[in-house]
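This report covers one protein model.

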Amino acid sequence: RCVVRPRSPVRLVWDFCSTIMVCYDVITIPLMAFNAQDTEFMINMDWFITCFWTLDILCSFFTGFNVEGVVELRPRAVARQYARTWLP
């Protein structure tokens, strides 16, 4: 199946990477107020992080969720839950 369990190793690694991306954003976004010169590294990281967060939205559509102790893995139910709880 294409839906991943919320506690699977793949999802845990993805969540760990998300934590690293948030830490990077927490540091760099406030620095934008000072108009610091962008380095090649920062430009590449900005693109990478933009792509990462875009993929994160897609990955969320393929990650199951818990309902009263049962993991829901049906793709339609997962997409509906994500759309109702995270999308505006």
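## Helix packing and selected residues

Ser-60 counts as buried because its relative accessibility is 15%; buried means under 20% relative accessible area, exposed over 50% and partly exposed in between, with a 1.4 Å probe and protein chains only. Ser-60 sits in helix α2. Helices (H or I, at least four residues) and strands (E, at least two) are DSSP runs, numbered from the N terminus.

The model is predicted: local features need pLDDT of at least 70, side-chain atom pairs count only at pLDDT 80 or more, and totals for chains, interfaces and linings use all residues. Residues are numbered from 1 along each chain as its sequence is written, and side-chain values use heavy atoms, with hydrogens and water left out.

Ser-60 touches Arg-11, Val-78 and Tyr-82, not counting residues up to four places away in sequence. Contact means heavy atoms within 4.5 Å. Between Ser-60 and Tyr-82 there are 7.0 Å, C-alpha to C-alpha, and the two are 22 residues apart in sequence.

**The helix pair**

Two packed helices are described by the angle between their axes and the distance between the axes. Helix α1 (residues 9-31) and helix α2 (residues 40-60) have axes that come within 11 Å and cross at roughly 140°. Axes are lines fitted to C-alpha atoms, for helices over the stretch in contact, and angles run from 0 to 180 degrees between N-to-C directions. The pair α1 and α2 is therefore oblique. Under 35 degrees counts as roughly parallel, over 145 as roughly antiparallel, 65 to 115 as roughly perpendicular, and the rest as oblique.

On the α1 side, the contact includes Arg-11, Trp-14, Ser-18 and Asp-25. On the α2 side, Phe-52, Trp-53, Asp-56 and Ser-60 are among the residues that make it. By class, this contact of α1 with α2 has 14 nonpolar, two polar and four charged residues. Ala, Val, Leu, Ile, Met, Phe, Trp, Tyr, Cys and Pro count as nonpolar, Asp, Glu, Lys and Arg as charged, and the others, Gly among them, as polar.

**The core**

Which residues make up the largest nonpolar core? Trp-14, Met-21, Tyr-24, Met-45, Ile-49 and Phe-52 do, six residues in all. α1 and α2 are the elements that give two or more residues to this core. A nonpolar core is a set of buried Ala, Val, Leu, Ile, Met, Phe, Trp, Tyr and Cys residues joined through side-chain atoms within 4.5 Å.

**Contacts residue by residue**

| Residue | Contacts (within 4.5 Å) |
|---|---|
| Trp-14 | Phe-52, Leu-55, Asp-56 and Cys-59 |
| Ser-18 | Phe-52, Trp-53 and Asp-56 |
| Asp-25 | Pro-30, Ile-49 and Trp-53 |
| Glu-72 | Gly-64, Phe-65, Val-67, Ala-77 and Val-78 |

Ser-18 lies in α1. Ser-18 is buried, with a relative accessible area of 10%. Asp-25 is also placed in helix α1. Asp-25 and Arg-74 are 33 Å apart in space, C-alpha to C-alpha, and 49 residues apart in sequence.

**The strand region**

Glu-72 belongs to strand β2 (residues 70-72). Glu-72 counts as buried, at 15% relative accessibility. Glu-68 is in the loop between β1 (65-67) and β2. Is Glu-68 buried or exposed? Glu-68 counts as exposed, at 79% relative accessibility. Glu-68 has a positive phi of about 50°, although it is not a glycine. Most residues other than glycine have a negative phi.
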